[in-house]
Amino acid sequence: MATADLPDHENHHNVIEIDYNEIQQIKIVGEGSFGVVYKGKWKNTFVAVKNITREEEKKAFLIEVRQLSRVDHDNIVKLYGACTKGLNICLVMEYAEGGSLFNVLHRSNLYYTMAHAMSWAYQCSKGVQYLHAMQPKPLIHRDLKPPNLLLINGGINLKICDFGTAADKNTYMTNNKGSAAWMAPEVFTSSNYTEKCDVFSWGIILWEVLSRKKPFYNQCSSAFSIMWAVHKGKRPPLLRDCPPPIENLMTSCWDQDPRNRPTMDEIVCKMEIICSLLP
Ligand code: ACK
């Protein structure tokens with residue numbers, strides 16, 4: 001099978017070139033950090049197709065193809081291939097029929113238990129643990145948030161998507177990658193942040209799945225005011241009836257100083273203990 005036409009220095013891991021004409025378009029499902037995502041069918045399999053709509057989006061597209069081609073984990077969306085040679089530039093990935101966790105949390109009345117919420121947070125931590133353990137350098141996602149967490153198997157399994165802003169550690173870190181409500185303070189104030197920015201975002205996600213509230217919603221009127229408040233130390237309110245081990249883990253992830261936040265390995269370990277004790 002042909003490989004995709006991507007810059008050599010990008011070190012892609014043989015991304016399969018897909019013929020755009022072989023994809024049957026079914027419906028548009030939404031917009032990602034770049035491009036339009038639609039549901040399609042390719043070789044008798046449902047796929048999600050992310051099309052770039054403007055030339056300026058090509059850089060994020062190449063980053064996403066490069067990063068997704070390097071990863072292989074149950075909690076990360078799978079890349080099937082890409083269309084890079086024709087007029088339609090797109091990446092083709094597995095289709096997650098459950099849509100995003102954001103929709104389940106905030107746009108549906110679906111009932112779920114604390115065990116479900118903890119399982120989503122746990123699966124997210126497993127995916128990020130894998131990214132942070134990548135060699136030769138950790139891969140930092142930089143935009144972890146419920147709209148980028150997809151659900152499959154009736155909402156049971158979770159997969160991280162949207163790698164358009166992911167970066168290897170120690171590449172020059174551009175400020176302001178990510179989305180304000182989940183963004184660690186050092187991301188908008190410095191250029192040498194580490195994988196601990198994903199730990200911060202994960203702590204906010206844990207709060208969000210347990211509270212079913214949008215972080216900083218109704219408290220800050222703009223992305224800038226959220227960043228300012230977080231920079232000044234503001235965090236989402238503590239939850240009533242939250243078991244202390246969960247609260248401690250959550251607040252440690254929010255520490256202003258990234259060095260005081262746990263590593264993803266420590267989070268996975270603590271989540272396994274906490275989840276084993278849940279009713
Ligand atoms: O919440 P959603 O329905 O799930 O809307 C967003 C939108 O596209 C922008 O990200 C959906 N989406 C993204 N990737 C996939 C995928 N692989 N499978 C199914 N839906 C996807 C996401």
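## Exercises on charge pairs, a ligand and the backbone

Asp168 has a relative accessibility of 11%, so Asp168 counts as buried. The model you are looking at is predicted. Let us start the exercises from this residue.

**Exercise 1.** Find which residue meets Asp168 in a salt bridge at 3.1 Å, N to O.

*Solution.* 
- Step 1: The partner is Arg70, whose side chain meets that of Asp168 at 3.1 Å, N to O.
- Step 2: Asp168 belongs to strand 9 and Arg70 to helix 1, so this pair ties together parts that are 98 residues apart in sequence.

**Exercise 2.** Work out which parts the salt bridge between Arg66 and Asp168 ties together.

*Solution.* 
- Step 1: Locate the contact: the closest N and O atoms of Arg66 and Asp168 are 3.7 Å apart.
- Step 2: Arg66 is in helix 1 (residues 58-70) and Asp168 is in strand 9 (residues 167-168), so the bridge ties together parts that are 102 residues apart in sequence.
- Step 3: Now judge Arg66: its relative accessibility is 17%, and buried means under 20%, so Arg66 counts as buried.

**Exercise 3.** Decide whether Glu22 is buried, partly exposed or exposed, and describe its salt bridge.

*Solution.* 
- Step 1: Glu22 has a relative accessibility of 42%, so it counts as partly exposed.
- Step 2: Its side chain meets that of Lys43 in a salt bridge, at 3.9 Å from N to O.
- Step 3: Glu22 lies in the segment before strand 1 (23-31), while Lys43 lies in the loop between strand 2 (36-42) and strand 3 (45-51), so the pair ties together parts 21 residues apart in sequence.
- Step 4: Look at the backbone of Lys43 too: its phi is near 50°, a positive value in a residue other than glycine.

**Exercise 4.** State how many salt bridges a search of the whole structure finds, and name the residues linked with Glu64 in a network.

*Solution.* 
- Step 1: The search of the whole structure finds 11 salt bridges.
- Step 2: Glu64 is linked with Lys50 and Asp162 in a network of salt bridges.

**Exercise 5.** Describe where the ligand sits and which residues surround it.

*Solution.* 
- Step 1: Find the site: the ligand sits in the largest pocket.
- Step 2: It is surrounded by 15 residues, and the closest are Glu31, Glu94, Ala96, Ser100 and Asn103.
- Step 3: Sort the shell by element: strand 1 and strand 5 (90-94) each supply at least two residues, and the largest share, three residues, comes from strand 1.
- Step 4: Turn to the atoms. A ligand nitrogen is 2.9 Å from a polar backbone atom of Glu94, and a ligand nitrogen is 2.9 Å from a polar backbone atom of Ala96. A ligand oxygen is 2.7 Å from an N or O atom in the side chain of Ser100.
- Step 5: On its own the ligand has 450 Å² of accessible area, and the protein covers 88% of this.

**Exercise 6.** Describe the backbone at Pro136 and at Phe216.

*Solution.* 
- Step 1: The peptide bond from Gln135 to Pro136 is cis, with omega near 0°.
- Step 2: Pro136 is placed in the loop between helix 3 (114-132) and strand 6 (139-140).
- Step 3: Phe216 has a phi near 65°, a positive value in a residue other than glycine.
- Step 4: Phe216 is found in the loop between helix 5 (196-211) and helix 6 (223-231), and is buried, with a relative accessible area of 2%.

How values were computed. Residues numbered from 1 in each chain as written. Predicted model: local features only at pLDDT ≥ 70, side-chain atom pairs only at ≥ 80, totals over all residues. Heavy atoms only, no water. Salt bridge = Lys/Arg side-chain N within 4 Å of Asp/Glu carboxyl O. Helix = DSSP H or I, 4+ residues; strand = E, 2+ residues; numbered from the N terminus. Buried < 20%, exposed > 50% of the residue type's maximum accessible area, 1.4 Å probe, protein only. Near = heavy atom within 4 Å. Polar contact = N/O pair within 3.5 Å; in protein donor to acceptor, adjacent residues only side chain to side chain. Areas by Shrake-Rupley, 256 points an atom, 1.4 Å probe, with all protein chains shown as cover. 1 Å grid on protein atoms, 1.4 Å probe; cavity = no way out; pocket = protein on both sides within 12 Å on 5 of 7 lines; lining within 4 Å. Sits in = over half its atoms within 2 Å of the grid points.
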